[in-house]
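I kept this notebook while looking around the model, one entry per stop. Have a look at the structure first, then follow along with me.

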Amino acid sequence: MKYDVITLFPEIIESYCSSSITKRGIEQGIIEVETHNPREYSKDKHKRVDDTPYGGGDGMVLACQPIFDCYNAIEKKEDFEFIMLTPQGEKFNQKTAVELSKKEQIILLCGHYEGFDERIRIGLKPREISIGDFVLTGGELGALILIDSISRNLENYLGKDKCAHEDSFSLGLDGLLEYPHYTKPREYMGLKVPEVLLNGNHKEIEEFRKKESLERTKKRRPDLLN
């Protein structure tokens, strides 16, 4: 999987990708992450990439030329998806993460300032995705969330493929919330590990976990049961 991130702040992406599981995924060749800065394509002598909005108003708007030229300079694989991170887009979820994990390449466009010149949407026709009903200063955090969430579904990325299939919202849990986990010691401050997890009966353990997953979803996210 190749990720190409169009961003004015590549150091944010590069810093995150230099640690933990993402770093290991890159080192093992499972994913590749490359950043592209629109400033490098600006034809303005001061390398500006934004300007004041027509019609007035607060803030600055990202201009067409640097974004178009930056996007067009990226080498595209046969099966790629171009995504704009925006609060106006479709809401990202686990189903979308699994869908996108089948792609060869994902190009992520990070916004900043007041937003994009509308002709970027019209001309480049990105798929617009939102990570939630709130607004961030820039799209870099959203891009990193997509990289992390999508990559977890790639073979060998987590080391144990089974892990991703038993996370909350996954198909392995029928889209429900994940069941509770316990580790040693058996008792801590009077709180005990459920006895069923200690008896070695895998069928009973599976039934217990399914029940707990359902109960937790009913209590915390009843909307998912629909």
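This is a predicted model: local features need pLDDT of at least 70, side-chain atom pairs count only at pLDDT 80 or more; totals for chains, interfaces and linings use all residues.

**Entry 1**

I began with E81, which counts as buried because its relative accessibility is 16% (buried is under 20% relative accessible area, exposed over 50%, partly exposed in between, with a 1.4 Å probe and protein chains only). Residues are numbered from 1 along each chain as its sequence is written, and side-chain values use heavy atoms, with hydrogens and water left out.

Which residue meets E81 in a salt bridge at 3.6 Å, N to O? I found R127 there. My cut-off for a salt bridge was a side-chain nitrogen of Lys or Arg within 4 Å of a carboxyl oxygen of Asp or Glu. R127 sits in strand 8 (residues 127-130) and E81 in strand 5, 46 residues apart, so I noted a link between distant parts of the chain. Helices (H or I, at least four residues) and strands (E, at least two) are DSSP runs numbered from the N terminus. R127 and E81 are both buried.

E81 also forms a salt bridge with K103, with 3.8 Å between the closest N and O atoms. This pair again links distant parts of the chain, 22 residues apart: E81 is in strand 5 (residues 80-91), and K103 is in the loop between helix 4 (94-100) and strand 6 (105-109). K103 counts as partly exposed because its relative accessibility is 22%.

Side chains of opposite charge can pair when their charged atoms come close. The count for the model comes to 15 salt bridges.

Next I looked up K210, which forms a salt bridge with E206, the closest N and O atoms being 3.5 Å apart. Both residues lie in helix 8 (residues 202-220), four residues apart, or about one turn of the helix. K210 is exposed because its relative accessible area is 54%, whereas E206, at 46% relative accessibility, counts as partly exposed.

**Entry 1: the nonpolar cores**

Which residues touch the most other members of the largest nonpolar core? Of its 24 residues, I listed Y3, I83, I106, L108, L146 and I150. A nonpolar core here is a set of buried Ala, Val, Leu, Ile, Met, Phe, Trp, Tyr and Cys residues joined through side-chain atoms within 4.5 Å. Strand 1 (2-6), strand 5, helix 4, strand 6 and helix 6 each supply at least two residues of this core. Helix 6 gives the most, with five residues. Apart from this core lies another, of 16 residues, with L8, C70, I74 and M84 among them.

S151 was my next stop, in helix 6 (residues 140-151). Is S151 buried or exposed? S151 counts as buried because its relative accessibility is 0%. Not counting residues up to four places away in sequence, S151 touches Y3, I31, L146 and Y157.

**Entry 2: helix 3 and its cover**

In helix 3 (residues 64-73), I marked C64, P66, I67, C70 and Y71 as buried. The cover over these buried residues includes strand 1, strand 2 (32-36), strand 4, strand 5, strand 6 and helix 5 (118-124).

Strand 4 (residues 61-62) pairs with strand 7 in the parallel sense over two bridges, and L62 stands opposite F116 in strand 7.

**Entry 3: a loop proline**

Last, I visited P194 in the loop between strand 10 (191-192) and helix 8. Leaving aside neighbours within four places in sequence, P194 is in contact with Y182 and F208. The C-alpha atoms of P194 and Y182 are separated by 8.7 Å, with the two residues 12 apart along the chain.

Conventions. Contact means heavy atoms within 4.5 Å. Two strands pair if DSSP finds at least two bridges between them.
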